[in-house]
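This report covers a pocket, the packing of helices and the peptide bonds of one model. The sequence and structure follow.

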Amino acid sequence: MLADSVRRVLAPRGILWLALLGLCAAYLQGGLTKLFDFAGAVAEMQHFGLLPAAPFAVAVIVTELLGAAMILSGCGRWLGALWLAGFTLISTFVANRFWEITAQPDRFMMTNAFFEHLGLCGGLLLVAWYDLRQETRR
């Protein structure tokens, strides 16, 4: 009974798109921020030791914006989701190395960020899995 009520609320396609927008929000915000503050994006790449920094910044901007656009538009959704999942996994190990931090609360916050990003990877993998299952049913 409860499941049927919830199903009716969540069934419209607009709800799916809002859920995907929520999943992509950090990538849209990050990509646009880096695009409009390219010097800041380059500084961020340098901070994490990614050299040459400018090409890495361009690659991150393209990945964040194009991956999110693919998911939201449905055009290659599974590929965009896998692309962002891979990017997020790599970025998590580059930027959230909590095991190197000894001081609290920094270690606590970095640990949380690390595992939150792993959860985001899981959500993106679910999007790819679901999209590929839907393609095989067509």
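Helix 2 (13–36), helix 3 (38–47), helix 4 (53–73), helix 5 (77–95) and helix 6 (106–137) each supply at least two residues to the lining of the largest pocket. Helices here are DSSP runs (H or I, at least four residues), numbered from the N terminus. The model is predicted, with local features needing pLDDT of at least 70 and side-chain atom pairs counting only at pLDDT 80 or more, while totals for chains, interfaces and linings use all residues. Residues are numbered from 1 along each chain as its sequence is written, and side-chain values use heavy atoms, with hydrogens and water left out.

The volume of the largest pocket is about 560 Å³. A pocket is an open set of points on a 1 Å grid over the protein atoms alone, where a 1.4 Å probe fits, with protein on both sides within 12 Å along at least five of seven lines; lining residues have an atom within 4 Å of a point. Volume is the space filled by probe spheres set on the points, which are joined across faces, edges and corners. The lining comprises 25 residues, and E44, V60, E64, F87 and S91 lie nearest the pocket centre. Helix 5 gives the most, with 8 residues. By class the lining has 14 nonpolar, 8 polar and 3 charged residues; Ala, Val, Leu, Ile, Met, Phe, Trp, Tyr, Cys and Pro count as nonpolar, Asp, Glu, Lys and Arg as charged, and the others, Gly among them, as polar.

The axes of helix 2 and helix 4 come within 8 Å and cross at roughly 155°. Helix 2 is therefore roughly antiparallel to helix 4 (angles over 145 degrees). Axes are lines fitted to C-alpha atoms over the stretch in contact, and angles run from 0 to 180 degrees between N-to-C directions. Residues in contact (heavy atoms within 4.5 Å) include W17, C24 and Y27 of helix 2, and V60, E64 and A68 of helix 4. This contact divides into 14 nonpolar, 2 polar and 2 charged residues.

Helix 5 and helix 6 also have axes that come within 8 Å, crossing at roughly 165°. These two helices are therefore roughly antiparallel to each other. Their contact holds 18 nonpolar, 3 polar and 3 charged residues.

Most peptide bonds are trans.

Notes. Parallel < 35°, antiparallel > 145°, perpendicular 65-115°, else oblique.
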